Amino acid sequence: YGFATIKTSGPSECFFDSKGATNGPDHHVRVWTKCLSQKDIDDLDSQKESVDKVMKNTAEKMERGYVPPLAQVRHINVNEMMVIIALEETANISSIQPQSRIFYELDCGGQMLRELSIDIQVQGKSARINLPREWQYAAPETNGAALLKILCQKP
């Protein structure tokens, strides 16, 4: 659903757990996200078995006409679509340790979100916050805005 840059470890690709997203009667969606270091993703290229599985799954999804959720947020061409699907498959099957895991609650009616739990791993150090944060509006073209657009169904 987006990208992030952590000063100490560089760029990362961020994903959400579409199968684990829950919709409440209050028009709130709860969803886990994770961000994987681009360096760790690139290092996966040395693991032939993982790369073969990612490529096989990517080809099958493309053949079935799968369109990544990111296409709801921005226009992507066929080449970008293939890369994004491969990244999604990498996130699904790899054992890469996420740099961050965030449990969000989205208020679809109010177009707001808040973090319920945050777990960050950077350079062998970890930090965890398990207290709900304040509701906030998502600025345009941010990861929060992308999550709201993708996961909040229009009535």
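Modeller: Happy to! Let's begin with C14, which is buried at a relative accessible area of 1%. Buried here means under 20% relative accessible area, exposed means over 50%, and partly exposed lies in between, using a 1.4 Å probe and protein chains only. This is a predicted model, in which local features need pLDDT of at least 70 and side-chain atom pairs count only at pLDDT 80 or more, while totals for chains, interfaces and linings use all residues. Residues are numbered from 1 along each chain as its sequence is written, and side-chain values use heavy atoms, with hydrogens and water left out.

The partner of C14 is C35, and their disulfide has an S to S distance of 2.0 Å. About that S-S bond the torsion is about 105°, so the link is right-handed. Since C14 sits in strand β2 (residues 10–16) and C35 in strand β4 (residues 28–37), the pair ties together parts that are 21 residues apart in sequence. Strands are DSSP runs of E with at least two residues, helices are runs of H or I with at least four, and both are numbered from the N terminus. C35 also counts as buried, at 7% relative accessibility.

How many disulfides does a search of the whole structure find? It finds 2, a disulfide being a pair of cysteine sulfur atoms within 2.5 Å. The other one joins C108 and C152, whose sulfur atoms are 2.0 Å apart. This link is left-handed, with -75° about the S-S bond. It connects distant parts of the chain, 44 residues apart: C108 belongs to the loop between β5 (100–107) and β6 (112–122), and C152 to the segment after α4 (143–151). Both C108 and C152 are buried. Counting bonded cysteines along the chain, the pattern is 1-2, 3-4.

For burial in a helix, turn to α2, where V54, N57, T58 and K61 are buried. They cover an arc of only 105° around the axis (taken from the directions from the helix axis to the C-beta atoms), which puts them on the same side of α2. On the other side, K48, E49 and E63 are exposed. The cover over the buried residues of α2 includes α3 (78–93). N57, with a relative accessible area of 16%, is one of the buried residues. Beyond its neighbours within four places in sequence, N57 is in contact with E89 and I93, contact meaning heavy atoms within 4.5 Å.
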